[in-house]
Amino acid sequence: MTDRYAVMGNPIRHSMSPEIHRAFAREAGDDIEYTAIECPRDGFTDAVRTFREAGGRGLNVTAPFKLEAFRLAERRSERAEIAGSVNTLRLDGPMVLADNFDGVGLIRDIQVNLGYPIGGTRILLLGAGGAAHGLLQPLVDQRPTELVIANRSPERARDLAKLAGREKPVRGGGYDEIGDGTFELVINATSASMEGALPPLAATSFANGGIAYELAYGLGETPFLALARSAGAGRIVDGVGMLVEQAAEAFAWWRGYRPGTRAMIQTLTIPLV
Ligand code: NDP
């Protein structure tokens with residue numbers, strides 16, 4: 001029988017996950033069915049139950065259901081516990097298992113695909129929503145010299161920084177609390193670019209030759225990336241590599257085979273400028 005997987009979100013029609021996972025399955029020689037399911041906003045838990053009862057073996061979860069997926073999981077990875085949200089569920093055993101591969105996807109894209117070591121850098125993380133939560137622990141694990149989190153609602157950034165633990169070089173606050181100095185890695189984990197907006201960030205925050213990473217993808221050169229480019233960042237990148245890398249981690253967790261990612265990233269990349 002064909003194994004069934006899906007991505008659930010709302011809206012979901014623009015999701016690239018079906019295309020990515022079907023290609024991974026072809027490469028692995030696996031016979032799977034992968035669909036996109038748009039759940040009613042109050043119907044995620046019911047949709048998961050129905051999918052599981054019909055033999056569904058795994059799910060990718062996207063906005064706005066990552067927190068609900070966290071709550072319905074019966075066992076979660078340590079990084080998912082720290083993130084407080086999950087983006088992948090495994091349904092093929094007696095329990096619903098959950099993990100969050102967003103952080104590992106970002107780290108792999110920066111370190112492996114872009115060849116940029118994160119250890120020993122100063123990192124500025126913009127945003128304190130679901131995605132930023134998923135990035136915290138994986139970034140801290142790379143041992144940056146400092147991680148500063150800035151958010152429109154400063155309290156959320158402060159609360160997120162606290163999750164890293166007191167002894168870690170992590171602080172959070174508003175954009176006016178970023179302070180002086182430059183950052184080799186500036187990550188935009190806000191959703192501002194989706195509405196064509198720019199977080200109130202000083203051009204002087206970008207280190208010459210550093211990386212500006214936009215989590216959103218498929219939008220071309222966003223206001224954030226345009227600012228970074230004019231400020232002298234060495235690489236401006238969008239989140240398509242992270243998307244493909246987190247998908248590969250999910251596929252490996254479900255199927256025991258980690259597909260290649262380079263060709264898929266190339267296929268999905270839209271030139272930024
Ligand atoms: P959330 O809704 O959970 O969080 C949104 C964040 O953006 C909050 O910190 C919010 O601040 C901030 N924000 C929203 N609008 C503005 C604005 N105009 N100016 C400044 N800050 C703003 O979203 P997610 O964390 O789930 O997603 C964030 C982005 O990351 C999205 O673009 C999403 O597509 C992308 N993403 C990409 C992935 C990939 O694989 N490449 C994976 C996951 C997400 P406040 O707290 O004050 O409301």
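1. The model under discussion is predicted. In it, the protein chain carries 10 helices and 12 strands. Its radius of gyration is 18 Å, close to the 19 Å that the globule rule gives for 273 residues, so the chain is as compact as a globular protein of that length.

2. As for extent, the box that the C-alpha atoms fill along the principal axes is roughly 60 × 35 × 30 Å.

3. When contacts between residues at least 6 apart in sequence are considered, 66% of them join residues at least 24 apart.

4. The accessible surface of the protein chain amounts to about 12200 Å², and carbon and sulfur atoms account for 49% of that area. Charged side chains number 29 positive and 33 negative, with the centres of the two sets 2 Å apart.

5. An open sheet is formed by 6 strands, with mixed pairing and the order S2-S1-S3-S5-S6-S4. Its edges are strand S2 (32–38) and strand S4 (75–76); each has a single partner strand, so one side of each is left without a neighbour in the sheet.

6. Within this sheet, strand S5 (residues 88–90) pairs with strand S6 (residues 97–99) in the antiparallel sense, over 3 bridges. Which residue of S6 does Thr 88 stand opposite? The residue is Asp 99.

Key: Residues are numbered from 1 along each chain as its sequence is written. This is a predicted model: local features need pLDDT of at least 70, side-chain atom pairs count only at pLDDT 80 or more; totals for chains, interfaces and linings use all residues. Side-chain values use heavy atoms; hydrogens and water are left out. Helices (H or I, at least four residues) and strands (E, at least two) are DSSP runs, numbered from the N terminus. The radius of gyration is taken over C-alpha atoms; the globule rule is 2.2 Å times the number of residues to the power 0.38. Contact means heavy atoms within 4.5 Å. Accessible areas come from the Shrake-Rupley method with a 1.4 Å probe; for residues, only the protein chains shown count as cover. Lys and Arg count as positive and Asp and Glu as negative; His and the chain ends are not counted. The place of a charge is taken as NZ of Lys, CZ of Arg, CG of Asp or CD of Glu. Two strands pair if DSSP finds at least two bridges between them.
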